Amino acid sequence: MRISAQLETQLRELGAELRPGASLAEQTSLGIGGTTDEILLRRYETIPEIMRLLADAGVPCRFLGGGTNVLVDEGELSFVVLHLPAAGPGMRVEGNAAYVDAAADLGATVTFCAKHDLGGMEGLIGVPGSVGGALRMNAGAYGTQIGPHVREVELYRAASGEIETVRGSEIRFDYRHTSFAAEDLMLRVKLELPSQPFKEILAGIKVCNEKRRSSQPLNQKSAGCIFKNPPGRSAGRMIDELGLKGHRVGDAMVSDRHANFFVNAGEASGADMLKLIDLVRERVRDAYGIELENEVIVWRN
Ligand code: EPU
């Protein structure tokens, strides 16, 4: 979607930067996605005004975080993409509190906190993506989730159209799901983390990295796990048991390493990936009577 020259001027006056015709394939870990105008939100305080401008102009928009858990349609997209540019590390520590920008890289945040002798997030080390994305979906791995460490979140709240700060206790963090609205934009978070010596945290980080390396296709283009695990079950194990590892629709392929990772093994299209997702969901439904729910977020045109 292309925005008008007039709107572009107004956005620039509000400190936003426009990237016309940005490629989402280049900005997502799956390497799939069409093109659209991208707006970089360089000044948080102008976000409410920018959102009002876009709404008044009838321009639909989506927020892109690290692009590591999203499957985007192809072609010229029917919405613009808003993005928080990462400027500097965007993190600082005060006692047991870490103040982190939502645009910061999650893994870098875990390491930064570790260097300040703050632990508790080792399990999240290899989870790709931004802190904002991790917050929105309550990212987790190896027994750690980000939610329990959250004390405060500063966000643009779509319902009020304003920037607000909410306490961690007011947010519901469930398995790969939170009470944030899809249109809310995470801006900053305050985490509270237990004190732990750097060496100990590092040892925990190494264990998690090893586990991940041995079971996940880290060097291939993917969006992590495609499906959520149904209660008490592993989607990956079920898909594996059905002999679907390596199964392809075009270049979209069920990883031969971890069956809940679907990889772009070449030039996969969004349609290929969606067909593969539907096919696997159907096979699991037929065999186990379980309806798998997407973990990956699908942006259809
Ligand atoms: N398994 C298989 N075959 C496979 C994959 C897994 O038999 O192809 C078996 C494993 O051997 C193990 C069990 O299934 O006995 C569970 O596997 P794993 O430990 O890999 O965990 P998972 O349930 O498949 C979850 C998260 C991952 C996270 C790991 C580690 C979900 C959907 N997935 O995977 O998160 O990294 O645990 O904590 O909750 C993600 O969310 O994108 C993601 C990768």
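**Notebook: helix packing, cores and selected residues**

**Threonine 109.** I began with threonine 109, which lies in helix H3; helices (H or I, at least four residues) and strands (E, at least two) are DSSP runs, numbered from the N terminus. I note that this is a predicted model, in which local features need pLDDT of at least 70 and side-chain atom pairs count only at pLDDT 80 or more, while totals for chains, interfaces and linings use all residues. Residues are numbered from 1 along each chain as its sequence is written, and side-chain values use heavy atoms, with hydrogens and water left out.

I looked up the accessibility of threonine 109 and found it buried, at 1% relative accessibility. Buried means under 20% relative accessible area, exposed over 50%, and partly exposed in between (1.4 Å probe, protein chains only). Not counting residues up to four places away in sequence, I listed Met91, Val100, Ala104, Met121 and Val131 as touching threonine 109; contact means heavy atoms within 4.5 Å.

**Helix H3 against helix H5.** I then took the packing of helix H3 (residues 106–115) on helix H5 (residues 198–215): their axes come within 8 Å and cross at roughly 150°. Axes are lines fitted to C-alpha atoms, for helices over the stretch in contact, and angles run from 0 to 180 degrees between N-to-C directions. H3 and H5 are therefore roughly antiparallel to each other. Angles under 35 degrees count as roughly parallel, over 145 as roughly antiparallel, 65 to 115 as roughly perpendicular and the rest as oblique.

From H3, I recorded Val110, Ala114 and Lys115 in the contact; from H5, Phe198, Ile201 and Ile205. Sorted by class, the H3 and H5 contact holds 5 nonpolar, no polar and 1 charged residues. Here Ala, Val, Leu, Ile, Met, Phe, Trp, Tyr, Cys and Pro count as nonpolar, Asp, Glu, Lys and Arg as charged, and the others, Gly among them, as polar.

**Helix H1 against helix H2.** I examined helix H1 (residues 5–13) and helix H2 (residues 47–56) in the same way; their axes are 10 Å apart and the packing angle is about 170°. H1 and H2 are therefore roughly antiparallel to each other. I found Leu7, Gln10 and Leu11 of H1 meeting Ile50, Leu53 and Leu54 of H2. The classes in the H1 and H2 contact are 5 nonpolar, 1 polar and no charged residues.

**Cysteines.** I searched the whole structure for disulfides and found 0, a disulfide being a pair of cysteine sulfur atoms within 2.5 Å. For cysteine 113, the nearest cysteine sulfur is that of cysteine 208, 15 Å away. Cysteine 113 is buried, with a relative accessible area of 1%. For cysteine 208, the nearest cysteine sulfur belongs to cysteine 225, 15 Å away, and cysteine 208 is in no disulfide. Cysteine 208 also counts as buried, at 9% relative accessibility.

**Nonpolar cores.** I noted that the largest nonpolar core has 57 residues, and that Ile39, Ile47, Leu84, Val150, Val153 and Leu191 have the most contacts inside it. A nonpolar core is a set of buried Ala, Val, Leu, Ile, Met, Phe, Trp, Tyr and Cys residues joined through side-chain atoms within 4.5 Å. A second, separate core has 25 residues, including Leu71, Ile226, Val284 and Ile290.

I located histidine 149 in the loop between strand E9 (144–145) and strand E10 (150–157). Histidine 149 is buried, with a relative accessible area of 13%. Beyond four places in sequence, its contacts are Gly120, Met121, Thr144, Lys190, Leu191, Glu192, Leu193 and Pro194.

I found aspartate 272 in helix H7 (residues 270–288), buried at a relative accessible area of 16%. Beyond four places in sequence, aspartate 272 is in contact with Val249, Gly250, Asp251 and Ala252. From C-alpha to C-alpha, aspartate 272 and histidine 149 are 38 Å apart in space, and they are 123 residues apart in sequence.

**Positive phi.** Last, I checked backbone angles. Asparagine 138, a residue other than glycine, has a positive phi, near 50°. Asparagine 138 sits in the loop between helix H4 (131–137) and strand E8 (140–141) and is buried, with a relative accessible area of 0%. Arginine 176 also has a positive phi, near 50°. I placed arginine 176 in the loop between strand E12 (173–174) and strand E13 (177–178), and recorded arginine 176 as buried, with a relative accessible area of 19%.
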